[in-house]
Amino acid sequence: MSAEQYDIAIIGGGLVGASLACALEGFARDHHWSIAVIEAVPMPEDSEQDIPFQPSYDARSTALSWGARQIYQQMGLWSDLAPHAAAIKHIHVSDKGHLGATRLAASDHNVEALGYVAPNQGLGRVLLQGVKQAQHVSWLCPFKVTGFSVGAEQHTLQLSDERGAEKTLHAKLVVLADGGQSGLKEKLQIADQVRPYDQHALVCNLTMSEPHQNKAFERFTPEGPMAWLPLPQSNDIALVWTVPSEQVDEVMALDDDEFAQRLHKLFGYRLGGVERVGQRYQYPLNLVRASEQVRPGLVVLGNAAHYMHPVAGQGYNLALRGVAELAAVLDQAAQQQRSIADLTVLQEYLDRRQSDQDTVIGFSDGLIRLFANHNPMLGHLRAGGLMLLDQLKPAKRWFARQAMGLGGQAVRLKPIQGK
Ligand SMILES: Cc1cc2nc3c(=O)[nH]c(=O)nc-3n(C[C@H](O)[C@H](O)[C@H](O)COP(=O)(O)OP(=O)(O)OC[C@H]3O[C@@H](n4cnc5c(N)ncnc54)[C@H](O)[C@@H]3O)c2cc1C
């Protein structure tokens, strides 16, 4: 059996892997790159069909920052994505039981929206359409990468499909975008630094009696922080509620009325009453950082590189900035006739990403630690802090830039042909 040969192999066709394939496609024509995306979970051939829930394109919705919109715009995907997304025009941050609050408005920053909320299913559909339209990308699905041998000039991947049929593939550069759960990092002896939060994220969609008017709410409560995110339907909300792990089974078991009452107790009636509670899903939360993100011919990206608390809705936005930067660095290396697998090239990518990663991970982790503490003194300080943040222009501008995903360096991408 002859092995297939690629310049770049992306393991995982989830949000991050599919976005990277779309970002690379823009440069692939100039550099004659051949790219493979290997995805284990079957997806429909017809991109108009619903995607069956899988690890990336599941029941969640993702808050995309203004910066993420700019990246998708450069790839030529934003016009397809926009109909699936609701604009966030205002963000309201509050701490239950304390008076202080911070408000951000898109109009204060001369942007149409601070960010957008897109159901992962809609996001997935647009990304998969992009991948299928990309002429230099081979979509190998459903194929699971089961083996990885490191070579001096190229790496070798063993793939198997659901029926056990096998395939071998060689690639100069392999990008690990498998979400970090597949065991491939362990095979490569890339250790993770893990800090458990002892919390679960509970997500579900709600229909409210009053329209959300494109407002997002971040509410810190004694029963954990909750984000209420506007969805494209005017009265629909994507709820992300962080619950202590020992309470998650009890909250999941509440009937819909009890669940709605619990939400009202913590959030009030800012959006009227809960009229419908969608199916609830839970996700265990840890802070995970891979001890290495680059090696010769290897990059670790997305959840596989850093998995963080969703409190500030930053995990995917951070990963997408990594996607854009990696594509730009590889383009630059190819223009300079350098090998895209060279460690100095990949280290350059990581050096450019490090400070944004440290800031965003530190910010999300800091929020959780600050608001998880029930010391009343700290409660007053927090309230004062939120009030001060609301008043202090430079601090508020910094906070808004983080929320808008403008922490990284701007990079130039090229659209997929025909987009
Ligand atoms: C509750 C919750 C809410 C969130 N909300 C937000 C938000 O609002 N905003 C935000 O920016 N971020 C958010 N995030 C973070 C965001 O979900 C992640 O950043 C994103 O899912 C990362 O995608 P990924 O492609 O790296 O990994 P994954 O989503 O895990 O995808 C990995 C893919 O690889 C495939 N795969 C795995 N192993 C193999 C293998 N061996 N061979 C082939 N394929 C393989 C899987 O099938 C999957 O498709 C949230 C996270 C959680 C838990």
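Asp58 is buried, at 8% relative accessibility; buried denotes under 20% relative accessible area, exposed over 50%, and partly exposed in between, with a 1.4 Å probe and protein chains only. The side chain of Asp58 meets that of Arg60 in a salt bridge, 3.0 Å from N to O. A salt bridge is defined here as a side-chain nitrogen of Lys or Arg within 4 Å of a carboxyl oxygen of Asp or Glu. Arg60 is partly exposed, with a relative accessible area of 27%.

The model is predicted: local features need pLDDT of at least 70 and side-chain atom pairs count only at pLDDT 80 or more, while totals for chains, interfaces and linings use all residues. Residues are numbered from 1 along each chain as its sequence is written, and side-chain values use heavy atoms, with hydrogens and water left out.

**Salt bridges**

Side chains of opposite charge can pair when their charged atoms come close. The whole structure contains 19 salt bridges, including those tabulated here.

| Salt bridge | Closest N and O atoms |
|---|---|
| Asp365 and Arg195 | 2.5 Å |
| Glu250 and Arg262 | 3.2 Å |

Asp365 forms a salt bridge with Arg195. Asp365 belongs to helix α9 (residues 343–372) and Arg195 to strand β12, so the pair ties together parts that are 170 residues apart in sequence. Helices (H or I, at least four residues) and strands (E, at least two) are DSSP runs, numbered from the N terminus. Asp365 is buried at 11% relative accessibility, whereas Arg195 is partly exposed at 36%.

Glu250 forms a salt bridge with Arg262. This pair links helix α6, which holds Glu250, to helix α7, which holds Arg262, the two residues being 12 residues apart. Salt bridges with shared partners join Glu223, Glu250, Arg262 and Lys265 into one network. Within the pair, Glu250 is partly exposed at 40% relative accessibility and Arg262 is buried at 16%.

**Helix α7**

Helix α7 comprises 12 residues, 256–267, and reaches 16 Å from its first C-alpha to its last. That span is close to the 16 Å expected at 1.5 Å a residue, the expected value being 1.5 Å times one less than the number of residues. Following the helix is Gly268, which has a positive phi near 80°.

Besides Arg262, the buried residues of α7 are Phe259, Ala260, Leu263, His264, Leu266 and Phe267. Elements that cover these buried residues include β12 (192–208), β15 (236–244) and α6 (245–253).

Key
Contact = heavy atoms within 4.5 Å.
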